[in-house]
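Me: I would like to go through a model with you before the group meeting. Could you show it first?

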Amino acid sequence: MGIFQAISAWNAARYEKHVSSMEERGFCPDCRGRGFDSYAPNEYYYNSVYECSGCNGSGTYHDWAELQTQQM
């Protein structure tokens with residue numbers, strides 16, 4: 001069980017590092033500041049583009065943080 005806890009802790013630390021890096025830049029961590037998520041069913045077809053649900057399409061960290069606090 002120790003290995004699973006170590007992997008979980010490593011993954012949580014990696015996510016926190018990503019979020020703090022995006023906060024410094026002012027970008028949404030979910031879409032990396034693009035404002036949209038693209039869904040590609042395979043590597044040759046890039047047609048479907050969806051507004052980022054984390055920041056409502058703005059791409060800013062501020063909007064992402066507001067939505068995160070509202071969801072809690």
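The conversation below goes through this model topic by topic.

Me: What kind of model is it, and what are the ground rules?

Reply: It is a predicted model, in which local features need pLDDT of at least 70 and side-chain atom pairs count only at pLDDT 80 or more, while totals for chains, interfaces and linings use all residues. Residues are numbered from 1 along each chain as its sequence is written, and side-chain values use heavy atoms, with hydrogens and water left out.

Me: Fine. How many helices and strands are there?

Reply: The protein has 2 helices and 2 strands, and their order from the N terminus is α-β-β-α. Helices (H or I, at least four residues) and strands (E, at least two) are DSSP runs, numbered from the N terminus.

Me: How much of it is buried?

Reply: Of the 72 residues, 19% are buried. Buried means under 20% relative accessible area, exposed over 50%, and partly exposed in between, with a 1.4 Å probe and protein chains only. The protein exposes about 5700 Å², of which carbon and sulfur atoms supply 53%; these areas come from the Shrake-Rupley method with a 1.4 Å probe.

Me: Which residues make up the largest nonpolar core?

Reply: That core has 7 residues: Val19, Cys28, Cys31, Cys52, Cys55, Tyr61 and Trp64. A nonpolar core is a set of buried Ala, Val, Leu, Ile, Met, Phe, Trp, Tyr and Cys residues joined through side-chain atoms within 4.5 Å. In soluble globular proteins, nonpolar side chains tend to be buried together.

Me: I see cysteines in that list. How many disulfides does the structure hold?

Reply: The structure holds 0 disulfides, a disulfide being a pair of cysteine sulfur atoms within 2.5 Å.

Me: Are Cys28 and Cys31 buried or exposed?

Reply: Cys28 is buried, with a relative accessible area of 0%, and Cys31 is also buried, with a value of 0%.

Me: And Cys52, where is that one?

Reply: Cys52 is in the loop between S2 and H2. At 1% relative accessibility, Cys52 is buried.

Me: What is Cys52 in contact with?

Reply: Beyond its neighbours within four places in sequence, Cys52 is in contact with Cys28, Asp30, Cys31, Gly35, Phe36, Asp37 and Gly57. Contact means heavy atoms within 4.5 Å.

Me: How far apart are Tyr61 and Trp64 in the helix?

Reply: Tyr61 and Trp64 are 3 residues apart in helix H2, which means a separation of about one helical turn. Tyr61 is buried at 16% relative accessibility, and Trp64 is buried at 7%.

Me: What about His18? Which residues does it touch?

Reply: Not counting residues up to four places away in sequence, His18 touches Pro29 and Arg32. The side chain of His18 reaches the backbone oxygen of Pro29 at 3.0 Å. His18 is in helix H1 and is buried, with a relative accessible area of 18%.

Me: Last item, the backbone. What is the phi of Arg32?

Reply: Arg32 has a positive phi of about 60°, although it is not a glycine. Arg32 lies in the loop between helix H1 (2-25) and strand S1 (36-39).

Me: And Asn56? What is its phi, and where does it lie?

Reply: Asn56, not a glycine either, has a positive phi of about 60°. Asn56 lies in the loop between strand S2 (48-51) and helix H2 (61-71), and at 49% relative accessibility it is partly exposed.

Conventions
Polar contact = N/O pair within 3.5 Å; in protein donor to acceptor, adjacent residues only side chain to side chain.
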